[in-house]
Amino acid sequence: MTPRAWLRVSALVAVLGSSLLWLSGACHERIGPRALERATSPGSPTATVEERLEPVVEEASGTLVSARHTTVSSKILARIEEVRVRAGSEVQEGDVLILLDARDLDARGREAREALAAAEAERQLAQTERARVEKLFAQGVSSRQGLDRAISLDRVSRAEVERATQRVADMEVGASHAEIRAPVSGRVVDRLAEPGDIATPGTPLVRIYDPGALRLEAAVRESLARYLRVGQSLRLRVEAIQLSIEGVLEEIVPYAEPGARSFTVKVRVPPNPQLFAGMFGRIEIPAGQEPRVRVPASAILRIGQLEFVDALGTDGAIERRLVTTGDIDDAGRAEVLSGLAPGERVVLRLGGA
């Protein structure tokens, strides 16, 4: 290596060494450890850390569904002429939802009625002939074979009339299927057909649900299911509309899902115009009691993401501690998950000091 290269390497090492010394604080006066500055005055009010038994409430999430919902479809193959409802329409049982093209049905109905009229005419003729042959047979003019033939023709004509009558009835029922009516009262949630479409038997055309029969269905883990019973009142929350209401547990499906280890529960929801099938909701499940440690929320000091309290030591000195808190109850007391023990005293911060 040349002398010039050695000079460059030496200069680089010197610069790096100086930087490390500066970063390590060698060029500054060291400050020894000291206690945190007292954030409260000796006369500040204090409170005792309390431990008490509190009810435990677990949550299960689910979906609002209607206990009464139906899918409407056609019973015949025909072209759709008119759809009288849209999604969101309120309908009553028996209201006409869809009109189908009934021209083919009408033509077949007329044909069936004409066939019935012809059968009735044949029936009348057969009855007249039977009566005439019976009279001649009684007089000894007609043979027994002729009488039997007349009786047989009369019975055949009667059967033809019955067959034609049934055919007319079938055509009338078929014609009634051209008007698709609401089987239940409720709200149309989905319209699946438009005029000009071909309605085929079994293909959904309209979906209807009863908004007055909503219930929240949720999966509850098996360890919580033991706290539930049919008829129990439970609080429900629908966070999308900030609604909290009471419901009644209607059903616990007696089967646990093997993978999820949970039971399906169904809670009836009171009628509410703000609620719709498919909305997300939560069930609050009382799950016994457990001890919890609480202090007034005014004792908590928050600095960024950290939470502190000023606790009084045995010698009366104030000691700042890092704590972890949970929820705040209705009385304004915060749950302390770590950092404090029951019976200790903490300093309260007036005015958020």
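Helices (H or I, at least four residues) and strands (E, at least two) are DSSP runs numbered from the N terminus. The structure is a predicted model, in which local features need pLDDT of at least 70 and side-chain atom pairs count only at pLDDT 80 or more, while totals for chains, interfaces and linings use all residues. Residues are numbered from 1 along each chain as its sequence is written, and side-chain values use heavy atoms, with hydrogens and water left out.

Along α2, the buried residues are Leu105, Gly109, Ala112, Leu116, Ala119, Arg123, Ala126 and Val133. Buried here means under 20% relative accessible area, exposed means over 50%, and partly exposed lies in between (1.4 Å probe, protein chains only). The cover over these residues includes α3 (144-176), with contact meaning heavy atoms within 4.5 Å. After α2 comes Gly140, which has a positive phi near 80°. Asp148 is placed in helix α3 and, at 37% relative accessibility, counts as partly exposed. Its C-alpha atom lies 9.4 Å from that of Glu134, a residue 14 places away along the chain.

Once neighbours within four places in sequence are set aside, Leu275 is in contact with Leu64, Arg187, Leu214, Val238, Ile241, Leu243, Ile245, Val269 and Pro270.

An open sheet is formed by 4 strands in the order β3-β10-β8-β5, with antiparallel pairing; two strands pair if DSSP finds at least two bridges between them. β3 (69-73) and β5 (90-91) stand at the edges with a single partner strand each, so one side of each is left without a neighbour in the sheet. Between β3 and β10 (residues 204-209) there are 5 bridges, and the two strands run antiparallel. Within this pair, Thr71 stands opposite Arg207 in β10.

β12 is joined to β13 by 6 bridges in an antiparallel arrangement, and Ser233 has Val248 of β13 as its bridge partner. These two strands form a hairpin with 4 residues between them, and Gln242 in the turn has a positive phi of about 50°. β12 also pairs with β15 in the antiparallel sense, over 3 bridges, with Arg282 in β15 as the bridge partner of Arg237.

Over the whole protein chain, the secondary structure comes to 4 helices and 20 strands. Of its 353 residues, 32% count as buried. Among contacts between residues at least 6 apart in sequence, 71% join residues at least 24 apart.
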